[in-house]
Amino acid sequence: MGGYYFLGFLLFCSLLCVLASGSSRNLPIIAFDEGYTPLFGDNNLVIHRDGKSVHLTLDERTGSGFVSHDIYLHGYFRASIKLPADYTAGVVVAFYMSNGDMFQKNHDEIDFEFLGNIRGKDWRIQTNVYGNGSTSIGREERYGLWFDPAEDFHQYSILWTDSQIIFYVDDIPIREVKRTEAMGGDFPSKPMTLYATIWDGSDWATNGGKYRVNYKYAPYVAEFSDLILHGCAVDPMEHAAKCDNAQASEAVPSGVTPVQRIRMENFRKKHMTYSYCYDKLRYKVPPSECVINPKEAERLRKFDPVTFGNGRHNAKRHRHHSKASPAETASF
Ligand SMILES: *[C@@H]1O[C@H](CO)[C@@H](O)[C@H](O)[C@H]1NC(C)=O
């Protein structure tokens, strides 16, 4: 009996340790060819000699991208990414999951989007989630970073389970989307493919399209490495997952730990510049899943009173003039 208790204790302990560290270092890093295939851009996608890193280039001819071989229902997906430096206004680098090719009318999507900027201004990160074609409700958030993402590689991860989606930057959770009943089909629930792309987003990426891509500074090169695909690969015909214990790896985070929650809140306090939950111009009543944090609300209101606050008069004017998300004007 004592032996069992001891084993149980060991198991419990190792579980705790993993949860406490939130680490995912032990997951296998795959070679590009093992998990991915080029999607577009021909020679603008270059696989490094080690087989594990990929360069995606945007120049005046084309952007480029790659896509996972498999489609996944849930899992943990990660890439180390180094973004192009200097003048990158209008450039968009995206690391995302989607099934838009299979479900034109009711697709799901989970997005990390990196929005370039003019020289001297930092890249912005945007996260977003769509479920079952809920494209009329944008659930965007935008953030600055505490480092220059063009200077070095950093890890960007998506954890997607049946009950939540967590976005991570370097193992710090930056956003947690909890599935609520009221969200209904808006929570992504069909298998998706993983994508990485670089493209010309001149019309909206930087200050709502004010600064376009300038090809004088091309080529723009985004580097991807340390690719982790750890999910339930499903048969595209059956649309059903045979996950077994693919999820059970203890290297996969299972949620936000108390320690991580503090770090997440600190991150959001310092670096979040936009959240749909507080956007009074778009949503008179915040979508049902929004949990309004008064401190977040106040901070954003100070930052951009028109979008997030009581800037009523201005707000009206703004709405007539711009179809693009108004907070783009504040995205610097
Ligand atoms: C998803 O959309 C389809 C087609 O619009 C609809 O029939 C289905 O009920 C929706 N599913 C959920 C879970 O909302």
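Modeller: Two strands pair if DSSP finds at least two bridges between them. Strands (E, at least two residues) are DSSP runs numbered from the N terminus. This is a predicted model, where local features need pLDDT of at least 70, side-chain atom pairs count only at pLDDT 80 or more, and totals for chains, interfaces and linings use all residues. Residues are numbered from 1 along each chain as its sequence is written.

Biologist: Then which residue in β14 stands opposite Gly75?

Modeller: Gly231 in β14 faces Gly75. Their strands, β5 (residues 71-82) and β14, are antiparallel and share nine bridges. β14 (residues 220-234) is also joined to β3 (residues 54-58), by five bridges and again antiparallel. There, Thr57 has Val221 of β14 as its bridge partner.

Biologist: How many bridges join β1 to β4?

Modeller: Four, with β1 and β4 (residues 64-68) running antiparallel. Across that pairing, Thr37 sits opposite Val67 in β4.

Biologist: Lastly, which residues are around the ligand?

Modeller: Look for a C-beta atom, placed from the backbone, within 6 Å of the molecule. Here you find Asn106, Asn132, Gly184 and Gly185. That shell has four polar residues, no nonpolar and no charged, with Gly counted as polar.
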